[in-house]
Amino acid sequence: MLKTNTTVLEGSMKRIFIFLLFIMGTVWVSAQKDSLSAENKNLIVSHSQLTKEPQFPGGARAFMNLVTAEIVHENFKNTGIKTYVVFLVDRDGKMTNIKVNSPYEDIQKELLRVFQKISLRYKWEPGEVNGEKVRTQMRQPIVIHSAY
């Protein structure tokens, strides 16, 4: 009789242990799904994956007209320079992570000033993948000509 009760007790303990493992595994998988979705929100999506490109209000021409109008040419010692500015358009349309690629400090400072000023005043329409807004890296070529 004692053997039977011990066997029943061991069987119950095994079921409880297996049930606890199942619950712990479910919680772990659920936490993993939440963290993956949070990571996906911060992913930078390449242009080839987009179903809709980020758009500045008024379009690309309006953006370049604004950049051109904001630049103070007197701040440049160097002209005839080709460079580019890289930035992110976040899911909410904000321009962030602005970086200027130029070997000339005067050009870097001025373009950074201009793009930061624009980022405070304007929001882009963010890029999308199948209707979901995503972060997108943008690369804007700039050519600096003499103002004279």
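A contact means heavy atoms within 4.5 Å. By that rule Arg135 touches Lys41, Asn42, Leu43, Ile44, Val45, Leu88, Val89, Asp90, Arg91 and Asn97, not counting residues up to four places away in sequence. This is a predicted model, in which local features need pLDDT of at least 70 and side-chain atom pairs count only at pLDDT 80 or more, while totals for chains, interfaces and linings use all residues. Residues are numbered from 1 along each chain as its sequence is written, and side-chain values use heavy atoms, with hydrogens and water left out.

Start with the overall layout. The protein chain has 3 helices and 5 strands. Helices (H or I, at least four residues) and strands (E, at least two) are DSSP runs, numbered from the N terminus. Along the sequence the pattern reads α-β-α-β-β-α-β-β. Of the 148 residues in the chain, 29% are buried. Buried means under 20% relative accessible area, exposed over 50%, and partly exposed in between, with a 1.4 Å probe and protein chains only. Among contacts with a separation of 6 or more, 77% join residues 24 or more positions apart.

Next, confidence. pLDDT is the predictor's confidence in each residue, from 0 to 100. The chain has a mean pLDDT of 78, and 69% of its residues reach 70 or more. Where pLDDT is low, the predicted coordinates should not be read in detail.

Now the core. A nonpolar core is a set of buried Ala, Val, Leu, Ile, Met, Phe, Trp, Tyr and Cys residues joined through side-chain atoms within 4.5 Å. The largest one holds 22 residues, and Phe63, Phe87 and Phe115 touch the most other members. At least two residues each come from helix H2 (60–70), strand S2 (81–89), strand S3 (95–101), helix H3 (105–121) and strand S5 (132–144). H3 gives the most, with 5 residues. Leaving out residues up to four places away in sequence, Phe115 touches Phe63, Val67, Val85, Phe87, Met95, Ile98, Gln140 and Ile142. In soluble globular proteins, nonpolar side chains tend to be buried together.

Which residues of H2 are buried? They are Phe63, Leu66, Val67 and Glu70. Seen down the axis of H2, the buried residues fall within an arc of 100 degrees, so they line one face of the helix. The arc is that of the directions from the helix axis to the C-beta atoms. An α-helix has 3.6 residues a turn, so residues three or four places apart point the same way. The buried residues of H2 pack against S2, S3, H3 and S5. On the other side of H2, Arg61 and Ala69 are exposed.

Past H2 comes a loop. His73 sits in the loop between H2 and S2. With a relative accessible area of 30%, His73 is partly exposed. His73 and Glu110 are 37 residues apart in sequence, yet their C-alpha atoms are 8.8 Å apart in space.

Strand S2 follows. Thr83 has its place in S2 and is buried, at 7% relative accessibility. Beyond residues up to four places away in sequence, Thr83 touches Asn101, Ser102, Ile107, Leu111, Gln140, Pro141 and Ile142.

S2 and S3 run antiparallel, joined by 5 bridges. Two strands pair if DSSP finds at least two bridges between them. Leu88 stands opposite Thr96 in S3. The hairpin of S2 and S3 has 5 residues between the strands, and Gly93 there takes a positive phi near 95 degrees. Asn97 lies in S3. Its phi is near 50 degrees, a positive value in a residue other than glycine. Asn97 is partly exposed, at 45% relative accessibility.

Asn130 also has a positive phi, about 50 degrees, although it is not a glycine. Asn130 lies in the loop between strand S4 (127–129) and S5. At 67% relative accessibility, Asn130 is exposed.

The walk ends where it began. Arg135 is in strand S5, and counts as buried at 15% relative accessibility. The side chains of Arg135 and Asp90 are joined by a polar contact of 2.9 Å. A polar contact is a pair of N or O atoms within 3.5 Å; within protein, one must be able to donate a hydrogen and the other to accept it, and residues adjacent in sequence count only if both atoms are side-chain atoms. Asp90 is also among the residues that Arg135 touches.
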